[in-house]
Amino acid sequence: MTARIAIAALSLSFFAASGGSDTRIFFQRGVNLTAEFPDGYTSELSRIMVDHVSEYGVNAIALVPYGFTSRTDPVIRFGGNHSMESDDGIARIVKHAHERHIRVMLKPQLWMHGGYPGDLEFTKPEDVAKWFAQYRLFIEHYARLAASTNSDMLCVGVEFVKLCKYESRWRSIIQRVRQLYTGPLVYAANFGPEFETVQFWDALDYIGLNNYYALPDDLSTAAIVAKVEAVHRKFHKPVIFPEAGFSSYESPHRQPWDDTGKRLSPHDQARCYEAVLKAFYRKPWFQGMYWWKIGTNGYGGLEDGSHTPWKKPAMEIVKKWYLAGGR
């Protein structure tokens, strides 16, 4: 029995044991493909990048359309034909990816001026209600787009650290999304307390962790694997990483989320990729990851310190595992 068949058998045994038989569950050898200036999702280069990543064994991409909000005003603005992530551009990328047998997760996110969505918090009940009403309109739009483009998965939220406590509101949103889109759903929780305390995983098809947990200097992953497996055991859902990544600066394992300038070290990035892939890739309850990130404009290279693995040793680590890792 080959390694790939053996892992598949383990995964099927896991789903049978947990009462699951959802054929939409698949192992995701993924990357986030983000729209980067000047090449939005409508550009020819964006489709060329889909072709390029397929050569590395990628079988799934996450597309990331942004909405915009602020810390003080519970209003969300999104959409428009002139957006880098326009609906038309997303539809073109989905069609192109499917023609290359690559599946697509639609992962709408919010861009918050002066912070990030995990900082969003409202003290007035009327502001909480307004924000969730606005967010419902936002995610309904992308649920409809996911349905019309036959996207293979939808992420219903990303890193709302201080807003995920409103469990009933999230369950209501998930229920509404399922009325509009019949594919698998995930929520992308931030590493740490949010991921470890979300209570609505049972309403979704996947447990989603944006894996930026720090690693010790020896790159041991034992503590992180234990944290992730504990959540899986509680909810009996397969786990994916809608995001995971490290910068290309020295010692990125200490603060994987940080990409502020230090001494360049793309080989340190590659070592961290290897550690995470080795730790999770063959776990039967683990169903894949989407590395953060590859841009539609093809930026990267050894002089780039950002999170992208493109044109760096980390991408060769991805290729090794995605093509010969047994799944």
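## Exercises on a predicted model

Helix 8 is mostly covered, with 11 of its 15 residues buried. The structure used throughout these exercises is a predicted model.

**Exercise 1.** Determine how far helix 8 reaches, which of its residues are buried, and what covers them.

*Solution.* Begin with the span: helix 8 (residues 266-280) reaches 22 Å from its first C-alpha to its last, which is close to the 21 Å expected at 1.5 Å a residue. Next, list the buried residues of the helix, which are Pro 266, Asp 268, Gln 269, Ala 270, Cys 272, Tyr 273, Ala 275, Val 276, Leu 277, Ala 279 and Phe 280. Finally, look at the cover over these buried residues, which includes strand 9, helix 7, strand 10 (239-244), strand 11 and helix 9 (313-324).

**Exercise 2.** Decide whether Thr 221 is buried or exposed, and find its contacts beyond four places in sequence.

*Solution.* First place the residue: Thr 221 sits in the loop between strand 9 (206-211) and helix 7 (222-235). Buried means under 20% relative accessible area, and Thr 221 counts as buried because its relative accessibility is 16%. Once neighbours within four places in sequence are set aside, Thr 221 is in contact with Leu 215, Ala 275 and Ala 279; Ala 275 and Ala 279 are among the buried residues of helix 8.

**Exercise 3.** Identify the residues that touch the most other members of the largest nonpolar core, and trace the contacts of Trp 291.

*Solution.* The largest nonpolar core has 93 residues, of which Ile 61, Tyr 187 and Trp 291 touch the most other members. Helix 4 (residues 125-148) gives the most to this core, with 10 residues.

**Exercise 4.** Describe the volume and the lining of the largest pocket.

*Solution.* The volume of the largest pocket is about 770 Å³. Its lining comprises 30 residues, and those nearest its centre are Tyr 66, Gln 109, Trp 111, Glu 243 and Trp 292. Two or more lining residues come from each of strand 3 (66-70), strand 6 (109-113) and strand 11 (286-295), and strand 6 gives the most, with 4 residues.

Methods:
Residues are numbered from 1 along each chain as its sequence is written. This is a predicted model: local features need pLDDT of at least 70, side-chain atom pairs count only at pLDDT 80 or more; totals for chains, interfaces and linings use all residues. Side-chain values use heavy atoms; hydrogens and water are left out. On a 1 Å grid over the protein atoms alone, a cavity is a set of points where a 1.4 Å probe fits but cannot get out, and a pocket is an open set with protein on both sides within 12 Å along at least five of seven lines; lining residues have an atom within 4 Å of a point. Grid points are joined across faces, edges and corners, and a volume is the space filled by probe spheres set on the points. Buried means under 20% relative accessible area, exposed over 50%, partly exposed in between (1.4 Å probe, protein chains only). Contact means heavy atoms within 4.5 Å. A nonpolar core is a set of buried Ala, Val, Leu, Ile, Met, Phe, Trp, Tyr and Cys residues joined through side-chain atoms within 4.5 Å. The expected span of a helix is 1.5 Å times one less than its number of residues.
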